[in-house]
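Student: I have a model open on my screen and I'd like to learn how to read it. Can you walk me through it?

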Amino acid sequence: AVVSTQSTGIYNLTIMKLGIITCDGNEKWTSCYESICNSCFWRDGDADLEFFHAWKGQLPTIENTKHLDALVALGSAHMVEENLDWMVDLSNFFLALENSPIKLL
């Protein structure tokens, strides 16, 4: 997760700031997702991770994510048809990202 850019033959390494959005309402899976993300993205300080537990109401906003390079939205066992409040709010946030420099993965 290290971004490198080449400028005059010198590589400048930058630590990425990633927001991880968990969307599953099971505490067991949330801790598992955090462990996996830390293993994948945070080896040797490759990235700073910030978790948003959407299903708990800890939703990302344009304001609290503007310092991030990208967001990674994880899957969920919930169905779209459930139309839970946090799902609607998260969907609205995704739509608001259209005019934002933040990348959604």
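Tutor: Let's go from the whole chain down to single residues. Keep in mind that this is a predicted model.

Student: Okay, the fold to begin with. How many helices and strands does the protein chain have?

Tutor: You count the elements, then read their order. Here there are three helices and five strands, and along the sequence they run β-β-α-β-α-β-α-β.

Student: What share of the contacts in the protein chain with a separation of 6 or more comes from residues 24 or more positions apart?

Tutor: That share is 67%.

Student: And how much of the chain is buried?

Tutor: Of its 105 residues, 29% count as buried.

Student: Let's zoom in on T65. Where is it, and is it buried or exposed?

Tutor: T65 sits in helix α2. To judge burial, check the relative accessible area; under 20% means buried. T65 has a value of 0%, so it is buried.

Student: Which residues does T65 touch, leaving out those up to four places away in sequence?

Tutor: Its partners are F52, P60, L71, F93 and I102.

Student: Now H67. Where does that one lie?

Tutor: H67 is in the loop between α2 (62-65) and β4 (70-73).

Student: Why is H67 called partly exposed?

Tutor: That label covers values between the buried limit of 20% and the exposed limit of 50%. H67 is partly exposed because its relative accessible area is 40%.

Student: What is H67 in contact with, beyond its neighbours within four places in sequence?

Tutor: K17 and E50. With E50 there is also a polar contact, and you read that from the distance between the two side chains: 2.8 Å. You can compare sequence and space here too: H67 and L18 are 49 residues apart along the chain, yet their C-alpha atoms are separated by 9.2 Å.

Conventions. Residues are numbered from 1 along each chain as its sequence is written. This is a predicted model: local features need pLDDT of at least 70, side-chain atom pairs count only at pLDDT 80 or more; totals for chains, interfaces and linings use all residues. Side-chain values use heavy atoms; hydrogens and water are left out. Helices (H or I, at least four residues) and strands (E, at least two) are DSSP runs, numbered from the N terminus. Buried means under 20% relative accessible area, exposed over 50%, partly exposed in between (1.4 Å probe, protein chains only). Contact means heavy atoms within 4.5 Å. A polar contact is a pair of N or O atoms within 3.5 Å; within protein, one must be able to donate a hydrogen and the other to accept it, and residues adjacent in sequence count only if both atoms are side-chain atoms.
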